[in-house]
Amino acid sequence: MTPPPTRPTAPPTDTSLSSGVSSACYVKALSDADIRARTDSYFNRTREIVTRFGDRAVTYAVFIRRPVLAATAMLEKWLENVARERGIEIIVETVHPEGDWVGAGEPLLYLTGFFSHLTDLETLILQKLGPACVAAHRAYQMALSLPKAQFLAMEARHCAGYEMQELMAYGASVGSRAAQKEGAIGFIGGANDATAAFFGRANGFGTMPHALIGYAGSTVRAAEMFHEVYPDTDLVVLVDYYGREITDGLAVCRRFPELAAAGRLALRLDTHGGRFLEGLDPQESYAVMARHVPEAIRRYRSEGELRYLIGTGVSAAAIWRMREVLDEAGFDKVRIVVSSGFGVTKCASMADASAPIDIVGTGSFIPKLWNETYATADIVTYDGVESVKIGREFLLPSFRRAEAEKKKRS
């Protein structure tokens, strides 16, 4: 049995690009028994067959069928930990640096090792790669759409368990850093402590849920309770519980004029999609937009986009109206926080309407179509000899080298 052939390896990952990865639960090595139980059975059977008939050194290419941003650090760290626990060698070549755009079908990683060491890892490898890369791409698009807004990652409640949450938060952090390189503020943190490290934080952000307002009996009283317990924390107050966003928002501002003047008070709009913000209806929503961004109404391209502009829920008109009344009342330093369905399309619609948003709370970087997250792995060399199934020749190292040479010459 020969050792795995040497492949060029990527430079060491810059740990500053992968905050929180080393301490993540999802990168911990699993026991062989857990790996066997969680992988597809035909990989377990392949391992038995290869062990009996003679092992070979192989190289896998791992790719996704849609454009994404490279978010591979979670997988790389997991492979490092598994290799250490098993006492084996896995050579990882990262084709694209973390946060780089990757075209559909382009390999993200080449993994080299013995066939018997890698085959039963394939299922878990694919689970750890595709979703994070798609989430990174969506977070990047959202942050670039609203480059002056701060984003908070609020994915936890929408995830199917903590493993998914870690992947989503990690993906959002990668997409955010890519957007920050292009001038966006991006994601400044998340909603809980466990994933805060991905954003370079020790703790999650958040003030009050709707339930606290119901408990307090009024929006102002809930704000008073919060401020009494957390006087040094900036006050972010939900104002839609009673359907009086304007009335209750202004009441909170008048109750805390010092915080308002210091920029330490924010009102969060989370208006239910079944009704308009207080005082708005279709006609008045059009009027608000006409006062501030009349051209946005002329540019809308779909019914969905029109709803984001002048419809129910947290629309551009609702945000403009809240900004309008705050400024008229002398509370121009009070910030506006928005939430409720702020995915890629809604963020783009808000940007088109120049909506005066300070902070976006969202978990909508979670992939909308889960089948877009499906990653695939194919062996491309056996003992250094290239071989791949028909139709996947684009994964071969020689093909990639030839493409790179063409680009150099063009």
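Two strands are taken to pair if DSSP finds at least two bridges between them, helices (H or I, at least four residues) and strands (E, at least two) being DSSP runs numbered from the N terminus. In the predicted model described here, local features need pLDDT of at least 70 and side-chain atom pairs count only at pLDDT 80 or more, whereas totals for chains, interfaces and linings use all residues. Residues are numbered from 1 along each chain as its sequence is written, and side-chain values use heavy atoms, with hydrogens and water left out.

Strands S6 and S7 run parallel and are joined by four bridges, with Leu-152 standing opposite Gly-189 in S7. Strand S7 (residues 186-190) is mostly covered, five of its five residues being buried, where buried means under 20% relative accessible area, exposed over 50%, and partly exposed in between (1.4 Å probe, protein chains only).

The largest pocket has a volume of about 910 Å³, and of the 35 residues that line this pocket, the closest to its centre are Leu-152, Met-154, Gly-206, Arg-268 and Gly-361. On a 1 Å grid over the protein atoms alone, a pocket is an open set of points, reached by a 1.4 Å probe, with protein on both sides within 12 Å along at least five of seven lines, and lining residues have an atom within 4 Å of a point. Strands S6 (150-153), S8 (235-238), S10 and S11 each give two or more residues to the lining, and S10 gives the most, with four residues.

Helix H2 (residues 41-53) contains Asn-44, which counts as buried because its relative accessibility is 8%. Not counting residues up to four places away in sequence, Asn-44 touches Arg-36, Thr-39 and Asp-120, contact meaning heavy atoms within 4.5 Å.

Most residues other than glycine have a negative phi. Ser-340, in the loop between strand S10 (335-339) and helix H15 (344-352), has a positive phi near 95 degrees and is partly exposed, with a relative accessible area of 32%. Ser-354, in the loop between H15 and strand S11 (359-362), likewise has a positive phi, near 50 degrees, and is partly exposed at 43%.

Methods:
Points joined across faces, edges and corners; volume = space filled by probe spheres on them.
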